[in-house]
Amino acid sequence: LKKMGEWENTIVILASDNGYNLGAHRLLHKMVPYEESARVPLVIAGPGIPHGSCGRPVLQTDLAPSFIDWAGAKLPTVMDGLSVSSLLAGNTAAWPHQDVLLRYIGGYGGGTSGISMELPDDFDAATVGPGFLLDIPTYRALRTEEYTYVEWYDDKDEIEHEYELYDRSKDPYQIDNLYADPKYLEKNKKLIRNLKNRLNDLYVCQGQDCY
């Protein structure tokens, strides 16, 4: 880029796909609502971007709006995501993302993915890899600065049937499911109601209406 004279006119971005759990939570998957999978690296360098790091949440949906912004075009109001330009400039207090929607649609067993499958008599899992049989159910989740709230669904009937809630400020490895504690649920009704409502809002919102 320097030899071509484009270094001062180029923004370089390093990002990643989901992270594999590699045994965390007794899982191999990379699509679960836990920190090992949900968080991925994002490094941005270019002219006018200072060295440093920021702990504010940036989503994959923020990448396209950022590209549009850097190209000098106008961002459509119906487009999900935000340009990270202000965040890179150090304006972290005004960054609208306070929470994140996480979602996965299970597929191998049929249900919401629209995939229906019957295994042949001579099926050999070793020839297709463990991921073929180790799919996880459909879920949607809300990740805030402090909490992770998860709603699991039965893929066949699309009915909620399991819930998880983690206070990551006290339980960063997401070991203690607070939703399984009736006393905690009774004591924190307002918190749980707010998490549910915000998850519902994020699930159906579009563009700038999400913030």
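Q: Which residue's side chain meets that of Arg 198 in a salt bridge?
A: The model is predicted, so local features need pLDDT of at least 70 and side-chain atom pairs count only at pLDDT 80 or more, while totals for chains, interfaces and linings use all residues. Residues are numbered from 1 along each chain as its sequence is written, and side-chain values use heavy atoms, with hydrogens and water left out. A salt bridge here is a side-chain nitrogen of Lys or Arg within 4 Å of a carboxyl oxygen of Asp or Glu. At 2.8 Å from N to O, the partner of Arg 198 is Asp 99.

Q: How many residues apart are Arg 198 and Asp 99?
A: Helices (H or I, at least four residues) and strands (E, at least two) are DSSP runs, numbered from the N terminus. Arg 198 belongs to helix α6 (residues 189-204) and Asp 99 to strand β3 (residues 99-104), and the pair links distant parts of the chain. The separation is 99 residues.

Q: Is Asp 99 buried or exposed?
A: Buried means under 20% relative accessible area, exposed over 50%, and partly exposed in between (1.4 Å probe, protein chains only). Arg 198 has a value of 25% and is partly exposed. With a relative accessibility of 13%, Asp 99 is buried.

Q: What is the relative accessible area of Arg 39, which forms a salt bridge with Glu 35?
A: In this salt bridge the closest N and O atoms are 3.9 Å apart. Glu 35 is buried, at 15%. Arg 39 is exposed, and its relative accessible area is 56%.

Q: Which side chain makes a polar contact with the side chain of Thr 148?
A: A polar contact is a pair of N or O atoms within 3.5 Å; within protein, one must be able to donate a hydrogen and the other to accept it, and residues adjacent in sequence count only if both atoms are side-chain atoms. Thr 148 is in strand β5 (residues 147-154) and is buried at 1% relative accessibility. At 2.9 Å, the partner is Arg 168.
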